[in-house]
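Good morning, and thank you for coming. I would like to take you through one structure, beginning with a pair of helices and the residues that join them.

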Amino acid sequence: MYLVLIAWIYVAFMMAVAEATSPVGSLLGAVFTFLLYGLLPMSVVGYIMGSPARRRAIKAKQEAERAQLQAENGKQPADNARASVAPDAHGEASGHAIAPERKEP
């Protein structure tokens with residue numbers, strides 16, 4: 001991710017240098033070239049490309065806060081790796097009040 005950003009900033013910087021050293025160019029034009037072709041677009045691209053990392057960091061922070069809260073309350077954190085969707089996977093009674101009836105063969 002950073003390689004693309006650095007390369008684009010380098011290209012924009014070289015465009016600004018070419019603008020500043022050109023006989024018909026100006027220093028103000030070089031500054032605007034660098035800002036409008038370099039920093040502004042790459043700040044937007046960097047923000048968009050960095051959003052998954054920010055999302056992971058927020059999720060990790062929330063998990064750490066949840067684990068700390070559970071530790072303070074004396075509860076053990078749930079192990080999601082062993083969790084199952086089967087109703088009787090943990091040896092608990094079925095939620096049905098009436099047992100299913102089998103047909104005679």
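Leu 5, Trp 8, Ile 9, Ala 12, Phe 13, Met 15, Ala 16, Glu 19 and Ala 20 in α1 are in contact with a set of residues in α2. On the α2 side, the partners are Leu 27, Gly 29, Ala 30, Thr 33, Phe 34, Tyr 37, Gly 38, Leu 39, Met 42, Val 45 and Gly 46. Contact here means heavy atoms within 4.5 Å. Helices are DSSP runs of H or I with at least four residues, strands are runs of E with at least two, and both are numbered from the N terminus.

A word on the source. This is a predicted model, in which local features need pLDDT of at least 70 and side-chain atom pairs count only at pLDDT 80 or more, while totals for chains, interfaces and linings use all residues. Residues are numbered from 1 along each chain as its sequence is written, and side-chain values use heavy atoms, with hydrogens and water left out.

Now the chain as a whole. It has three helices and zero strands, in the order α-α-α along the sequence. Of its 105 residues, 10% count as buried. Buried means under 20% relative accessible area, exposed means over 50%, and partly exposed lies in between, with a 1.4 Å probe and protein chains only.

How are two packed helices described? By the angle between their axes and the distance between the axes. For α1 and α2, the angle is about 170° and the axes are 7 Å apart. That makes α1 roughly antiparallel to α2. Axes are lines fitted to C-alpha atoms, for helices over the stretch in contact, and angles run from 0 to 180 degrees between N-to-C directions. Angles under 35 degrees count as roughly parallel, over 145 as roughly antiparallel, 65 to 115 as roughly perpendicular, and the rest as oblique.

Which residues of α1 are buried? They are Leu 5, Ala 12 and Ala 16. Seen down the axis of α1, the buried residues fall within an arc of 45°, so they line one face of the helix; the arc is that of the directions from the helix axis to the C-beta atoms. α2 is included in what covers them. On the other side of α1, Leu 3, Ile 6, Tyr 10 and Thr 21 are exposed.

Two residues of α2 deserve attention. Thr 33, in helix α2 (residues 27-49), counts as buried because its relative accessibility is 13%. The Thr 33 side chain reaches the backbone oxygen of Gly 29 at 2.7 Å. Beyond residues up to four places away in sequence, Thr 33 touches Met 15, Ala 16, Glu 19 and Gly 38.

Leu 39 also lies in helix α2. With 40% relative accessibility, Leu 39 counts as partly exposed. Neighbours within four places aside, Leu 39 is in contact with Ile 9 and Phe 34. Ile 9 is 30 residues from Leu 39 along the chain, yet their C-alpha atoms are separated by 6.9 Å.

Tyr 47, Ile 48 and Met 49 in α2 meet Ser 51, Pro 52 and Arg 54 in α3. Just after α3, Gly 74 takes a positive phi of about 85°.

How values were computed
Polar contact = N/O pair within 3.5 Å; in protein donor to acceptor, adjacent residues only side chain to side chain.
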